[in-house]
Every structure is written in C-alpha cells, then in structure tokens.
Amino acid sequence: MAQSSFPLQTSARYHSPRFVKRCADEFQWKDLSKDVVMDIGCGDELHCCKAILMQFPDVRELIAVDKESTVFQTAHFRNRIEFCVGDIQERDDFKSYEGKMNKILSTDAFHLIIDKEAAFRNVYRLLKPGGEAGFLFYVNSCMNKFLMALMEIPKYRAILKGTSLGNMYPPEHGKQYYKDMLEKIGFKHVRAFEEERNLPFNTDECFKDSILERFRIHYKISPEAAETLQEEVLELYENVVGRRDGKLCYVTVQLNLLGVKPMES
C-alpha cells in the first residue's frame, strides 16, 4: 500500500525545504544564531523544523507548535526542538511567547485553520518588532472541486450525508485577499506568490486505491459505499479534473505569503 499513499502526503516533506530557502532568500537570512524561530502546525514529521535545522544548524532556539498534543508523543525527530501545544487561533495559548519570536514559519497548515485572520493576528503579536513571518498553505485543490461535483450527484450526496464538505477554498480567497489581510493587521513588505503543483498518480489503480483509502479514513464511508464509488470514481475524477500527460494528478495551488512586523517608532 505504500505506493498508493495520497500524493499530498508524500510530497509534504519536499515543500518545507523549498519554502525555508525561499524565506531565507526573500528575507536575506544569513545567520540565525541569535534568533528564536517558531514553526506553527508542525505535525509529527516536523518537516519544517528539519528544514530549518538543515539550512541553519546554528539557530539559537526552535519551537514547534501543534494544537494536538498527540503529535509530540509520536514525533519522529526531537533533537534541539522545544515543543508547545497550542491553537494559533487562541491568543491565550501563546501569551508567554508574545513579542519574543524573531521568525515564524508555517507550512501545510493554515488552509486547515478556520479563523485565519485571528491566527495571523496572533502571529503578529508573537513577533518582535522587525520579526518576519512566512506561511505556505493551500488556496485551491482539485479534491475540493471533485467533492463539490460529487455532492451534485444524488447517490453520492446520500453517501456523504452528514459529512462537513463546505468549500474550503472560495475563489475570492487568493493571494490578493490574504495580502490585504496581512496588511490590515499591520504587516509590512507583504509578498504573495501562488504556485500550482501537479502530483501524478503512478497508475490508475494507484489512484483508485488512494482515493478510496482517503474516503474511508476522512469521510467514514461504509464498505458498500466504497464499492459503489470504486466502480465510477476513475471516470468521475477524470471528467472533473482531467489528466496531465496521460496520468491522473492531484492538482493544488499553494500560496507563499511573507510579511514583516514593522519596527516600533
């Protein structure tokens, strides 16, 4: 089953090193030996923390944050990392850290946050004057489009009844929307870049295994519903998403969002 794992999961480890390098280039980081860096939404694989330590092994202090305490019980990498359990939407979870962070990064997490403005405001409070923040998260996904299409078909609407499938990615919530949000909060020198990523499935069978696994785990569909979906999922997905170079793909749009907290006057 290793081959059938969802492309989004297997690609996450590659996003963080690229994004840390982009932040380093954009912010002109050379030496972090005097800096306290926080990773928001670290996950148990700690991809962003690993990327920071790989590129800046002399970083003074590295704090990994996740709202799930179980993440740190299963974390696969612990060297030189301080762990913090907290929901970035809740200011009270981070009061002791306010005004103490030099850098804050987050990869593959903010698309899951409901109140993003509250989260961005709390990041702003955590930063020292002159502190820098970088966020990498999804603003569009073919899976969202596919699920919305399924909900238009009565038998699949019945199968997915009771599942929370609101549109995670409203079309108006793109780079300009989030750039304006950061500037309203007070960030300066805000930069926003969108990147489309196409992650191919090796084979059609790999796609079917992956998509059904996702539906069983995330949407708790019954074995009977999975069997119904299995018969038609390939054709449905191809009609909605299409193929790239002959292969079914998982297509996403990621936003690189960077900003600086201004120095106090």
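Guide: Met-143, Phe-146, Leu-147 and Leu-150 of α5 meet Ile-211, Arg-214, Phe-215 and Tyr-219 of α8, where contact means heavy atoms within 4.5 Å. This is a predicted model, so local features need pLDDT of at least 70 and side-chain atom pairs count only at pLDDT 80 or more, while totals for chains, interfaces and linings use all residues. Residues are numbered from 1 along each chain as its sequence is written, and side-chain values use heavy atoms, with hydrogens and water left out. Helices (H or I, at least four residues) and strands (E, at least two) are DSSP runs, numbered from the N terminus.

By class, the contact of α5 with α8 has seven nonpolar, no polar and one charged residues. Here Ala, Val, Leu, Ile, Met, Phe, Trp, Tyr, Cys and Pro count as nonpolar, Asp, Glu, Lys and Arg as charged, and the others, Gly among them, as polar. The axes of α5 and α8 (residues 204–219) come within 14 Å and cross at roughly 75°, which makes α5 roughly perpendicular to α8. Axes are lines fitted to C-alpha atoms, for helices over the stretch in contact, and angles run from 0 to 180 degrees between N-to-C directions. Angles under 35 degrees count as roughly parallel, over 145 as roughly antiparallel, 65 to 115 as roughly perpendicular and the rest as oblique.

Now for α9. Helices α5 and α9 pack at an angle of about 115°, with their axes 10 Å apart, so α5 is roughly perpendicular to α9 as well. On the α5 side, the contact uses Cys-142, Met-143, Lys-145, Phe-146, Ala-149 and Leu-150, and on the α9 side Val-233, Leu-236, Tyr-237, Val-240 and Val-241. These divide into 10 nonpolar, no polar and one charged.

Helix α5 also takes part in a pocket. With four residues, α5 gives the most to the lining of the second largest pocket; β5 (127–141), α5 (142–150), α9 (223–241) and β8 (247–260) each supply at least two. A pocket, on a 1 Å grid over the protein atoms alone, is an open set of points where a 1.4 Å probe fits, with protein on both sides within 12 Å along at least five of seven lines, and lining residues have an atom within 4 Å of a point. Of its 13 lining residues, Asn-140, Ser-141, Cys-142, Lys-145 and Val-251 lie nearest the centre. By class, the lining has six nonpolar, four polar and three charged residues.
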